[in-house]
Every structure is written in structure tokens, then in C-alpha cells.
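Subject: Structure for your review

Dear colleague,

Please find below the structure that I am handing over to you. I would be grateful if you kept it open while reading the notes that follow it.

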Amino acid sequence: MPIPEDVTGDEIDKDVRQELQSLPKTLAEDVAKNLVMVARLIDEDPEGAYGYSKVALRLASRVAAVREAGGFAAYATQRYSEALAEFRAARRMTGGVELWPVMADCERGLGRPEKALDMAGAPEVNKLDKAGQVEMRLVAAGARRDMGQLDAAIVTLQSPELAAGSVQPWTARLRYAYADALLAAGREGEAREWFAKALEADRDGSTDASDRLAELDGVDFVDALDEDGTDATVVEKAADEADGPVAAEAEADAGAGHERDADDRDED
């Protein structure tokens with residue numbers, strides 16, 4: 001697959017670069033460039049990222065970072081079985097537990113929420129850092145919802161991290177998930193409160209909390225321009241005026257004009 005000229009391969013994380021040192025130099029450079037493309041495209045063009053990940057896997061399938069990148073690209077395109085296989089391979093190579101939450105979420109994607117819940121109670125969770133444990137809590141709550149256990153999902157999300165006043169990288173997503181679960185349970189007032197708290201913590205736009213708040217408040221957003229490029233606000237205003245006193249006066253003037261024209265014709 002084509003690699004843009006501005007991609008050198010040096011953009012990758014230093015730990016990944018160190019892993020690639022086990023490869024011949026030219027091969028390592030090619031793999032690095034493909035990994036850069038995976039990272040660059042995975043949010044905006046996940047299918048494109050998946051394509052580059054497959055190239056990297058063909059070149060260096062024995063490198064853990066490559067297997068992990070392949071897993072995330074497959075995960076982003078909802079190829080959960082493939083993602084799970086890649087994550088398992090990466091975990092076998094490194095012995096780490098960092099991928100445990102996303103592996104559990106793959107089980108959810110495959111329609112196995114019970115397996116995800118089993119993983120949420122496994123010893124590996126205790127080895128996760130705080131961010132990983134929060135992620136595992138989100139996955140477990142999602143699994144509860146998959147099983148129709150809405151109240152249990154709400155309880156699962158009630159944690160010290162949810163109640164903390166400080167904002168962490170996971171705070172917005174945790175508050176958002178809690179608000180969404182409350183709304184699903186019909187607790188609209190509480191849901192609105194937590195969507196507002198999620199928005200307050202969402203510094204990078206990772207959630208659509210502002211849209212959900214607007215929806216709860218009954219605010220509808222419309223495009224400023226209609227299909228032919230006309231300002232919709234102006235059109236609406238003109239339409240309103242057409243129904244008002246000014247329009248009535250104009251209509252009366254037009255009627256009088258027609259009468260004068262008729263009189264002129266009679267005189268002729």
C-alpha cells in the first residue's frame with residue numbers, strides 16, 4: 001500500500017522502535033512506516049488502517065507491537081474474532097495484561113458477555129493500572145447491559161473514580177457511560193446531571209455529551225443553509241413575515257392595484 005512521502009517511520013513510539021530492532025534495517029523501516037499509517041488512519045479511516053496493519057503483519061508477525069496494532073485495527077473495523085486472536089498473540093509474546101480489557105470487549109462483540117464478565121473478575125484485573133481498571137469496569141457494565149441487567153450495570157459504574165472530583169483521561173467516558181445507563185433506566189434527571197458532568201470533563205471531545213444534553217433539553221439543531229445554499233433562518237423569517245401584518249398590507253395594496261388596473265381598462 002502507498003506510503004506518503006512525509007512518513008519516515010521515525011514517528012513511532014521509541015518502545016516499538018526498539019522492538020523492531022530485531023529485524024533487518026530496511027525491513028524494520030518498512031514495518032515502522034506501515035505502523036505509522038495504522039496510527040494515523042485508525043480513527044478517521046479504520047478500513048485503511050486495517051489494510052496497512054495487514055501489510056505490517058505479513059512483514060513482521062513475530063513482533064508483539066505489530067500483532068497489537070493488527071488487533072486494534074481489526075477491533076476498529078469490528079472484526080472481533082480476528083482482533084481477539086491478535087491481542088492474544090501479543091499478550092503471549094509480552095506476558096503483559098494491558099490488553100485484558102479490550103480482549104474482554106472483543107468477547108462482548110462476539111456476543112459472549114458472560115465471558116467478558118468472567119474476565120472482569122479474573123486475577124489479571126488486579127495487575128492493571130488505574131486506567132486499565134476503569135476500562136475493565138466500563139466493559140463489565142457494557143456486558144451487564146448486553147444481558148439486560150441495567151440496574152447491575154449502573155451499580156458496576158458506581159465507583160470511587162466516578163465520584164472523584166479530579167479529571168483524569170478516563171473521567172469523561174466513565175461519567176458518560178453512567179449517564180447513558182441512567183437514561184436507559186428512565187432516570188432522566190440524574191442522567192442529565194451526569195451528561196453535564198461528562199461534558200465538563202470532556203476536554204478532547206471524546207464523547208457526544210453536548211448533543212445528548214441538547215437532546216434532553218429539547219434543542220433541535222438544523223443546518224444554517226438549506227440544500228440550494230439559501231440561509232434557512234432568512235427563509236424562515238421571510239415565511240413568518242409573509243403570514244404577518246406586513247404581508248396582509250402588501251396583499252391589500254396588490255388588490256387595490258388590480259382594481260385600479262380594471263378601472264383603467266373600463267375607461268379605455
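What pLDDT does the protein average, and what percentage of the residues score at least 70? This is a predicted model, and its average pLDDT is 86, with 82% of the residues at 70 or above. Among the elements of the protein, helix 6 (residues 100-109) has the highest mean pLDDT, 98, while helix 14 (residues 232-242) has the lowest, 41. Over residues 230-268 the pLDDT stays under 50, and for this stretch the model has 13 contacts beyond four places in sequence.

I turn next to the nonpolar cores. The largest one has 46 residues, and Leu20, Leu35 and Val66 are those with the most contacts inside it. At least two residues of this core come from each of several helices, including helix 3 (46-59), helix 4 (64-76) and helix 5 (80-94). Helix 2 provides the largest share, 8 residues.

Which of its residues are buried, and which are exposed? Ala153, Ile154, Thr156 and Leu157 are buried. Viewed down the helix axis, the buried residues of helix 9 fall within an arc of 160°, so they line one face of the helix. Asp151 and Val155, on the other side of helix 9, are exposed. An α-helix has 3.6 residues a turn, so residues three or four places apart point the same way. The partners against which the buried residues of helix 9 pack are helix 8 (130-146), helix 10 (160-163) and helix 11 (171-184).

Finally, I draw your attention to glutamate 161, which is located in helix 10. Is this residue buried or exposed? Glutamate 161 has a relative accessible area of 14%, and it counts as buried because the cut-off is under 20%. Its side chain is joined to that of lysine 130 by a polar contact of 2.9 Å. Not counting residues up to four places away in sequence, glutamate 161 touches Lys130, Val134, Arg137, Trp170 and Leu174.

Yours sincerely,
A colleague

Terms used: Residues are numbered from 1 along each chain as its sequence is written. This is a predicted model: local features need pLDDT of at least 70, side-chain atom pairs count only at pLDDT 80 or more; totals for chains, interfaces and linings use all residues. Side-chain values use heavy atoms; hydrogens and water are left out. Buried means under 20% relative accessible area, exposed over 50%, partly exposed in between (1.4 Å probe, protein chains only). Helices (H or I, at least four residues) and strands (E, at least two) are DSSP runs, numbered from the N terminus. The arc is that of the directions from the helix axis to the C-beta atoms. Contact means heavy atoms within 4.5 Å. pLDDT is the predictor's confidence in each residue, from 0 to 100. A polar contact is a pair of N or O atoms within 3.5 Å; within protein, one must be able to donate a hydrogen and the other to accept it, and residues adjacent in sequence count only if both atoms are side-chain atoms. A nonpolar core is a set of buried Ala, Val, Leu, Ile, Met, Phe, Trp, Tyr and Cys residues joined through side-chain atoms within 4.5 Å.
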